[in-house]
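User: I would like to learn how to read the backbone features of a protein model. Please take me through one case.

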Amino acid sequence: MKLYYMPGACSLADLIVLQWIGADHEPVRMNLESLRSPEYLALNGSGTVPFLVHDDLSLTENVAILGYLADLHPEARLLGDGSPRARAEVMRWLGFLNSDVHKAFSPIFHPQRFLTDSSLAPALAEPARELVRGYLTRLDEGLEGREWLTGERSLADPYLFVLSRWSEAKRIDMDDLDNLARFTRMMSTDPGVRAALALESTSGVSLEGAP
């Protein structure tokens with residue numbers, strides 16, 4: 001099994017899950033140049049990470065990869081206790097993180113996708129920060145009285161950890177989000193998270209081209 005990843009990208013969530021399930025894997029470190037290489041585009045035409053290769057399966061899209069890894073190791077209970085209700089709860093939060101929160105960062109990371117005048121980038125980023133802040137408030141409320149987003153450790157937690165790191169790096173106001181701060185501190189001490197971070201980068205968070 002190979003996981004193609006890039007430091008600072010959402011592929012950190014997959015690296016964490018691979019540590020949690022104890023799956024044998026080969027991490028393949030990418031950068032902006034190698035993402036655009038003919039060799040990589042021949043494997044993954046979208047030129048994105050994460051990208052998982054397992055036997056004859058080539059898989060893109062983070063939610064699909066995370067779900068596949070969890071299904072390979074159901075004993076880790078990263079999709080809940082096996083009941084449809086628990087799985088739906090995990091997927092509800094995972095979908096929110098992927099479809100709403102993650103995408104809200106695009107104007108902050110990549111204003112050139114939306115503007116022809118780069119001088120307008122700060123004006124574009126400000127409402128995006130406010131939108132992310134609103135989403136983080138909802139997540140903070142979801143963590144009230146619980147360690148994990150769904151009540152027990154799941155696929156949603158590594159994704160939330162990635163987005164909280166992006167928020168901190170991009171100076172989004174999180175001063176009064178105490179539950180989220182507690183969650184981030186807890187995740188930072190988790191052995192699997194620490195191992196994934198050590199693999200990803202030893203020089204801090206690189207957010208070039210992150211989303």
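Analyst: Two strands count as paired if DSSP finds at least two bridges between them. Helices (H or I, at least four residues) and strands (E, at least two) are DSSP runs, numbered from the N terminus. This is a predicted model, in which local features need pLDDT of at least 70 and side-chain atom pairs count only at pLDDT 80 or more, while totals for chains, interfaces and linings use all residues. Residues are numbered from 1 along each chain as its sequence is written, and side-chain values use heavy atoms, with hydrogens and water left out.

User: In which sense do β1 and β3 pair, and over how many bridges?

Analyst: Strands of a sheet pair through backbone hydrogen bonds, either parallel or antiparallel. Here β1 (residues 2–5) and β3 (residues 51–54) are antiparallel, with three bridges.

User: How many bridges join β1 to β2?

Analyst: Four bridges join them, and these two strands run parallel. Y5 stands opposite R29 of β2. Between β1 and β2 the chain passes through helix α1 (residues 12–21), and this β-α-β crossover is right-handed. Right-handed means that, with the strands pointing away from the viewer, the path from the first strand over the helix to the second runs clockwise.

User: What is the strand order of the open sheet?

Analyst: The order of its four strands is β2-β1-β3-β4, and the pairing is mixed. At the edges are β2 (26–29) and β4 (57–59), each of which pairs on one side only. From one strand to the next the twist averages 15 degrees. Such angles run from 0 to 180 degrees between N-to-C directions, with axes as lines fitted to C-alpha atoms, for helices over the stretch in contact.

User: Which peptide bond is cis?

Analyst: Most residues other than glycine have a negative phi, and most peptide bonds are trans. The bond from V49 to P50 is cis, with omega near 0 degrees. P50 lies in the loop between α3 (38–43) and β3.

User: Where is D55, and what is its phi?

Analyst: D55 sits in the loop between β3 and β4. Its phi is positive, about 55 degrees, although D55 is not a glycine. R171 also is not a glycine and has a positive phi, of about 60 degrees; R171 is in the loop between α8 (156–169) and α9 (178–189).

User: Why does D55 count as exposed?

Analyst: Buried means under 20% relative accessible area, exposed over 50%, and partly exposed in between (1.4 Å probe, protein chains only). D55 counts as exposed because its relative accessibility is 69%. R171 counts as exposed because its value is 67%.
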